[in-house]
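User: I would like to go through some of the labels attached to this structure and see what each of them rests on. Please set each value against its definition before concluding.

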Amino acid sequence: MAGHPFAHPIGVHVGPGLTDENELLGGGPLATAAAMDADGVQIFLTDPQSYANPKPRPDADDLRASDVMVVVHAPYMLNVATTNNRIRVPGRKLLAAHAKAAAEVGAYGLVVHGGHVLAADDPAIGVDNWRKTFAYQEKDGGFPLPLLLENTAGGGNAMTRDLDAIGRLWEAIGEHGAGFVLDTCHAWAAGWDLATAVDDLRAITGRIDLVHLNNSRDPHGSSRDRHAPLSEGEIPTELLVEVACSADCPVILETPGDRPAHAEEINMLRTALG
Ligand SMILES: [Zn+2]
């Protein structure tokens, strides 16, 4: 990642910008960022529902050299916390593969959900499985870029839904250099107080590396994960701006909308953040 022209890079989650043949489509994510005047992009390196290993991207050198901040999001179903070793072990391998590929495009970090254990499981096992994920990787030289764990909207026995669970997880993995992504829609769904979320989280993790700034279509505490445009959901827009401001870190929008709508959201935020 090269130096950014803005103190608070504001980016958007965009499509991979590749054809099925792994060829660049319409200039790829960098062209999309330029069209929205975004400072950053977040991309998946594979179908987010798939266990496929990422392929080298044809624009890897351009992404790495660009001033545009690149964030990579790991597949959704990856769950390194689970007690089921037929899910956990392939998940760990997939995480390592995505981390390697994300480093090759010069990514700022690799976003990964905290995962969960089953209702009958002891959450402490999930926490220890996360610790082992870092420990195993360290035998192999460690992750080549920061792993950014994201808070999730719902689910019982989730590793990163509630602040106290995040606290237990951080006691086990904080020393391994894990970073954190605060998703405002997920925090709202999980019933957090967004007015104090940044301070509450920082008191636990000591850091917030990225904000996924999203509004929510659902009421506070609903456990539902349906993102809304910044000015159209149940969360007061001023509260979202306050979170972005106090987090004082890069922002990625995962809001529904076309490029002009995202350009407008970026513009609104940039003005608000000064
Ligand atoms: Zn998110």
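User: Why is the site of the zinc ion called irregular?

Analyst: In this predicted model, the angles among the four donor atoms of the zinc ion run from 87 to 177 degrees.

User: What makes Glu150, Asp183, His212 and Glu254 donors of the zinc ion?

Analyst: Donors are N, O and S atoms within 2.8 Å of the metal (3.2 Å for Na, K and Ca), and water is not among the atoms, so sites may look incomplete. Glu150 (OE), Asp183 (OD), His212 (ND1) and Glu254 (OE) lie 2.1 to 2.2 Å from the zinc ion, and they follow the spacing E-x32-D-x28-H-x41-E along the chain. Asp183 lies in strand 6 (residues 179–183) and His212 in strand 7 (residues 210–213), so this pair ties together parts that are 29 residues apart in sequence; strands (E, at least two residues) and helices (H or I, at least four) are DSSP runs, numbered from the N terminus.

User: How do you know that strand 1 pairs with strand 10 and with strand 2?

Analyst: Two strands pair if DSSP finds at least two bridges between them. Strand 1 (residues 10–13) has three bridges to strand 10 (residues 251–253), in the parallel sense, with Gly11 bridged to Ile252. Three bridges also join strand 1 to strand 2 (residues 40–44), again parallel, and there His13 stands opposite Gln42.

User: What is noted about phi of Asn22?

Analyst: Most residues other than glycine have a negative phi. Phi of Asn22, however, is near 65 degrees, a positive value, and Asn22 lies in the loop between strand 1 and helix 1.

User: Which conventions apply to these values?

Analyst: Residues are numbered from 1 along each chain as its sequence is written, and side-chain values use heavy atoms, with hydrogens and water left out. As the model is predicted, local features need pLDDT of at least 70 and side-chain atom pairs count only at pLDDT 80 or more, whereas totals for chains, interfaces and linings use all residues.

Conventions
Tetrahedral: all angles 85-135°; square planar, octahedral: opposite > 155°, others 65-115°.
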